[in-house]
Amino acid sequence: MSKNNIYLISGKQRFFLEQKIKKLIITFQNQSLDVVHYRMQKDADSDLEKELKVIPLLHKVIIVDQSEILLQKKKKELTFLNSYFQNPSPKISLYFFVENGLENNENFQLFQKYCSCETIVSLEKNDFFTYVAESFEKEGFQIEKKAIYHLLKETNYNLFFLHQEIKKLKLCQLEEKTITYPLVEKLNFFQTEDNLFHLINLFLNNNRIGAYELYQKFKKHKNNAFQILYQLTNKIKALLLVKNMVKQNYNQEKISQILKCSPAKAFLLTKEAQVFKNTQFLQASFLTLIELEYQSKIGSINLDTGLEFFFLGKNILPLS
C-alpha cells in the first residue's frame with residue numbers, strides 16, 4: 001500500500017480499466033472491507049466530498065471511476081480534494097481510475113503529486129492476435145489462425161465485443177476445446193439473434209456507452225430499428241422464461257421443447273439467464289421496450305432515437 005493509501009490508475013483502454021476495478025472489488029469484498037464504487041458524473045464530486053468527510057469505524061475502500069471528469073474541472077472546484085490529499089484518512093483507501101490523454105492537465109499533475117501511480121498496459125493493434133491466441137491456449141483450447149483474424153475483423157478490435165465473443169466460443173466448445181473458422185463465422189453476433197446477449201450484457205452492466213456503440217453497429221448491419229427492437233424484446237422475454245423454468249427444475253431438453261429451439265440454443269439461454277440475476281431489472285427493461293414499440297407505432301416517438309436513449313439508460317417515454 002502507498003503511505004497515503006491514495007492511488008491513480010490510468011490506461012488507454014476502458015476494458016482493462018474495468019477489469020482492474022472488478023478485480024479490486026472482489027479482492028476487497030473477500031477481505032470483508034466496505035467498498036464504495038463511484039462512476040463519476042458531471043456533478044457527483046459533491047457526493048465524493050461528503051464520502052471523504054465521513055471517518056469510518058473500519059477501513060473503507062473508495063473507487064472513483066471515470067476520474068477524467070474530475071481532472072477537467074476548474075482547480076477551485078477541487079479544493080476539497082487538494083485538502084484531503086494533504087491530510088488523508090488512514091482508514092480510507094482511495095482509488096482514482098482515469099483514461100489516458102490528460103497527462104498535461106494541471107489537475108493530473110496535482111494527482112500525481114499525492115497518489116501512487118500505476119499505468120495499465122494496453123494493446124496495440126499488432127498485439128491483438130497474440131492476445132486472442134493466448135486467451136484460448138491458456139485454458140487448453142486450440143484455435144485456427146483464420147478464426148482469430150475473422151474474430152478481430154468482425155469485432156473491429158473492440159475489446160468489449162471481442163471478450164464477449166471469446167467467452168461464447170469457449171462456452172460452446174467446452175468439451176471439444178477446438179475453435180475453427182466455420183464455427184466463428186457461424187456464431188458471429190451480427191448473423192444470429194442469439195448474440196444480442198452482448199447488447200443486453202453491456203446495458204445491464206451499466207456500460208451505457210458500450211451498449212450505445214454496439215447498437216450503432218447493429219444498425220449498420222441490419223438497418224432496421226424495428227427488427228432490433230423485436231429481437232431484443234424476444235431475447236429478454238426468453239431469458240425471463242428460462243429463468244422461470246430453471247426455478248421449476250426443467251431440464252435442457254424440456255426447455256428446448258417449450259421454446260421450440262435447438263438444445264444448443266437452450267443451453268446458451270440457460271447459461272445467459274444464470275448470469276443476469278436481477279430479474280426485476282430484466283422485467284422493467286422488457287416493459288420499457290414494449291411501451292417504446294407502442295409509442296413509436298402511434299407516432300409519439302422516433303424508434304431509432306428511443307432505442308438510443310434506452311441503451312444510454314435514459315427515459316424519453318411520455319408520462320402516463
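Student: What is the relative accessible area of Ser 262?

Tutor: The relative accessible area of Ser 262 is 39%, so this residue counts as partly exposed (buried means under 20% relative accessible area and exposed over 50%, with partly exposed in between, using a 1.4 Å probe and protein chains only). Please keep in mind that the model is predicted, with local features needing pLDDT of at least 70, side-chain atom pairs counting only at pLDDT 80 or more, and totals for chains, interfaces and linings using all residues. Residues are numbered from 1 along each chain as its sequence is written, and side-chain values use heavy atoms, with hydrogens and water left out.

Ser 262 sits in the loop between α13 (252-259) and α14 (263-275) (helices are DSSP runs of H or I with at least four residues, strands are runs of E with at least two, and both are numbered from the N terminus). Although Ile 209 is 53 residues away from Ser 262 along the chain, the two C-alpha atoms are separated by 33 Å.

To place this residue in the whole, we can turn to the protein chain, which comes to 16 helices and seven strands, and whose C-alpha atoms fill a box of roughly 65 × 55 × 40 Å along the principal axes. Of its 320 residues, 48% count as buried. Among contacts between residues at least 6 apart in sequence, 74% join residues at least 24 apart (contact means heavy atoms within 4.5 Å).

Thr 130, however, belongs to helix α6 (residues 128-137), and its C-alpha atom is separated by 9.3 Å from that of Ile 148, which is 18 residues away along the chain. Ile 148 leads us to α7, where it is buried along with Ala 147, His 150, Leu 151, Leu 152, Glu 154 and Thr 155.

Helix α7 (residues 145-155) is followed by Asn 156, whose phi is positive, near 55°. The axes of α7 and of helix α8 (residues 159-172) come within 9 Å and cross at roughly 135°, which makes α7 oblique to α8. Axes here are lines fitted to C-alpha atoms, for helices over the stretch in contact, and angles run from 0 to 180 degrees between N-to-C directions; those under 35 degrees count as roughly parallel, over 145 as roughly antiparallel, 65 to 115 as roughly perpendicular and the rest as oblique. On the α7 side the contact is made by Leu 151, Leu 152 and Thr 155, and on the α8 side by Phe 161, Leu 162, Glu 165, Ile 166 and Leu 169.

Another helix pair crosses at roughly 20°, namely α4 (residues 79-86) and α5 (residues 106-114), whose axes come within 10 Å, and α4 and α5 are therefore roughly parallel to each other. Their contact is made by Leu 81, Asn 82, Phe 85 and Gln 86 of α4 with Leu 110, Phe 111 and Tyr 114 of α5.

Finally, the largest nonpolar core has 70 residues, and Ile 63, Tyr 95, Leu 307 and Phe 311 have the most contacts inside it (such a core is a set of buried Ala, Val, Leu, Ile, Met, Phe, Trp, Tyr and Cys residues joined through side-chain atoms within 4.5 Å). Helix α12 (residues 225-247) gives the largest share of this core, 10 residues.
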